[in-house]
Amino acid sequence: MRIERQGSSIEVGRWFYGYLRGSPRPKQYKPRDVIAIDINERKIVYGDYEINKDIDTAVDRAYKYKILAENLQKKYSSPRYPAWRRRKAIHNRIRSYHRKARNVLEDRARKTPLKMVRLALKLQHAVAREDLTGLINSLRKIKNKDHRTKLIIMGYSRLGRWIDWQAMKHGAPIVIVDPRKTSSECPQCDSKLEENGYRRLRCPSCGFEADRDVIGKLNIRKRALKMLGIKVIPGGVLATSLPPK
């Protein structure tokens, strides 16, 4: 992530977020732990080692509007000419469905990161997410059309931008980690996990077992703690020195 001042804006990658000129920005605190965020098709899982929260991505609702728009286009089209373009009422209805799909996803992308950042502020934790650069190219290679379309319209990059913006706005440290193998490595011993039921994974070495999304969250947290220099003992607990009673 690259952050630069340019006049009255902040550049994060290629995207610009405006802010009020002269308004004080909160100073970043030293984090005690990490609120890790794992983004999937149907839900976003976030929390630390003990806290586990999830939020629906609303992609299914947006996808229904997209299908309604596409069905109307097919119904009022011929192999030679898309007649729906000349019929104003049909054209407006199709645009309305596309607009609803876009608004559903945009609203969820704006509100969800704020909940995560507020939790991080309350606990004085950092915020960690995966590096989503170049993800759209890998999504296009998915063979299942419906699954591929849902992942693309959900907008991983949009969610990433809003997470970064809310973290910077409120002074929460943001950490971006390597996304490779976050859902296939054991968060306790780094061994390769094995399938153990629907969306369940189990470690053959240490016996750790959890949902695939929870494992992704724990691995993101683990990598972020390492980048921040915060040590953990086996099991994911922070290696802090407690004062004597």
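## Thr-182: a loop residue

Thr-182 sits in the loop between β8 (174-177) and β9 (194-195). Strands here are DSSP runs of E with at least two residues, and helices are runs of H or I with at least four, numbered from the N terminus. The model is predicted: local features need pLDDT of at least 70, side-chain atom pairs count only at pLDDT 80 or more, and totals for chains, interfaces and linings use all residues. Residues are numbered from 1 along each chain as its sequence is written, and side-chain values use heavy atoms, with hydrogens and water left out.

Thr-182 is buried, at a relative accessible area of 3%. Buried means under 20%, exposed over 50%, and partly exposed in between (1.4 Å probe, protein chains only). The Thr-182 side chain reaches the backbone oxygen of Pro-179 at 3.2 Å. Beyond four places in sequence, Thr-182 touches Glu-130, Ile-215, Gly-216, Asn-219, Ile-220 and Arg-223. Contact means heavy atoms within 4.5 Å.

## Asp-48: buried without a salt bridge

Asp-48 lies in another loop, between β5 (43-47) and β6 (53-56). Asp-48 is buried, yet has no salt bridge. A salt bridge needs a side-chain nitrogen of Lys or Arg within 4 Å of a carboxyl oxygen of Asp or Glu. The nearest side chain of opposite charge is Lys-217, 5.8 Å away.

The side chain of Asp-48 does reach the backbone nitrogen of Glu-50, at 3.0 Å. Leaving aside neighbours within four places in sequence, the contacts of Asp-48 include Asp-33, Leu-123, His-125, Lys-217 and Arg-221.

Helix α2 covers residues 88-123, 36 residues in total. At 1.5 Å a residue it should span 52 Å, and its end C-alpha atoms are 53 Å apart, which agrees. The expected span is 1.5 Å times one less than the number of residues. Just after α2, Gln-124 takes a positive phi of about 60°.

Glu-106 is in α2. Glu-106 is partly exposed, with a relative accessible area of 22%. Not counting residues up to four places away in sequence, Glu-106 touches Arg-158 and Trp-162. Glu-106 and Gly-155 are 49 residues apart in sequence, but 8.9 Å apart in space, C-alpha to C-alpha.

## The whole chain

The chain has six helices and 13 strands. Of its 245 residues, 41% count as buried. Among contacts with a separation of 6 or more, 62% join residues 24 or more positions apart.

The chain exposes about 15,100 Å², and carbon and sulfur atoms supply 50% of that. These areas come from the Shrake-Rupley method with a 1.4 Å probe.

Methods
Polar contact = N/O pair within 3.5 Å; in protein donor to acceptor, adjacent residues only side chain to side chain. Lys, Arg positive; Asp, Glu negative; His and termini not counted.
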